[in-house]
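Trainee: Could we go through this model one question at a time? I'd like to see how each answer is reached.

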Amino acid sequence: MNIANAQKAVDEWIKNHGVRYFNELTNMAQLTEEVGEVARIIARRYGEQSEKESDKAKDLGEELADVVFVVLCLANQTGIDLQEAFDKKLDLKTKRDHDRHQNNKKLK
């Protein structure tokens, strides 16, 4: 599924199951919460913090999907074509950063 189709799928889900979008500020707070859950898993599973027994069953993929879902909601409710925005960003990063990363001795 491409980003444009994902935006449509989220919009249909909201219309059929979610009643309406939460307002933008609520969704921003929700995004922050979801990113925090991703950070918690990463810090404990891949970082130096020990993982609590209660966190071991948490699914990183599910938490990342929560982040994507809320980002798609924010894009929909603010009129952003995220496919177009992402394509532009990837093109910009490709042009701007290709040599920079290739020549970065820290990445070798």
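Trainee: Which elements are included in what covers the buried residues of H3?
Mentor: Helices are DSSP runs of H or I with at least four residues, numbered from the N terminus (strands are runs of E with at least two). Buried means under 20% relative accessible area, exposed over 50% and partly exposed in between, with a 1.4 Å probe and protein chains only. Contact means heavy atoms within 4.5 Å. With those terms in hand, the cover of the buried residues of H3 includes H1, H2 and helix H4 (82–102).

Trainee: Before we go on, what kind of model is this?
Mentor: Residues are numbered from 1 along each chain as its sequence is written, and side-chain values use heavy atoms, with hydrogens and water left out. Local features need pLDDT of at least 70, side-chain atom pairs count only at pLDDT 80 or more, and totals for chains, interfaces and linings use all residues: this is a predicted model.

Trainee: Thanks! What distance does H3 reach from its first C-alpha to its last?
Mentor: The expected span of a helix is 1.5 Å times one less than its number of residues. H3 has 18 residues, with 26 Å expected. The reach in the model is close to that, at 26 Å.

Trainee: Which residue caps the N-terminal end of H3?
Mentor: Look for a polar contact, a pair of N or O atoms within 3.5 Å; within protein, one must be able to donate a hydrogen and the other to accept it, and residues adjacent in sequence count only if both atoms are side-chain atoms. Here a side-chain oxygen lies 2.9 Å from the backbone nitrogen of Gly-61. That oxygen belongs to the capping residue, Asp-59.

Trainee: And for H2, what is the distance between its end C-alpha atoms?
Mentor: H2 has 22 residues, so at 1.5 Å a residue it should span 32 Å. The model agrees with that, giving 31 Å.

Trainee: Which helix do the buried residues of H2 pack against?
Mentor: Start with the residues themselves: Asn-27, Leu-31, Glu-34, Val-38, Ile-41 and Arg-44 are buried in H2. Across from them, the buried set in H3 includes Val-70, Cys-73, Leu-74 and Gln-77. The packing partner of the buried H2 residues is H3.

Trainee: Is Asn-27 buried or exposed?
Mentor: Asn-27 is found in helix H2. Beyond four places in sequence, it is in contact with Phe-22, Val-70, Cys-73, Leu-74 and Gln-77. Its relative accessible area is 2%, so Asn-27 is buried.

Trainee: Gln-77 is on that contact list. What is the distance from the side chain of Gln-77 to the backbone oxygen of Phe-22?
Mentor: Gln-77 is found in helix H3 and is buried, with a relative accessible area of 19%. Leaving aside neighbours within four places in sequence, its contacts are Tyr-21, Phe-22, Asn-23, Glu-24 and Asn-27. The backbone oxygen of Phe-22 also lies 3.4 Å from a polar atom of the Asn-27 side chain. For the side chain of Gln-77, the distance to that Phe-22 oxygen is 2.8 Å.

Trainee: Finally, which helix gives the largest share of the lining of the largest pocket?
Mentor: The largest share, four residues, comes from H3.
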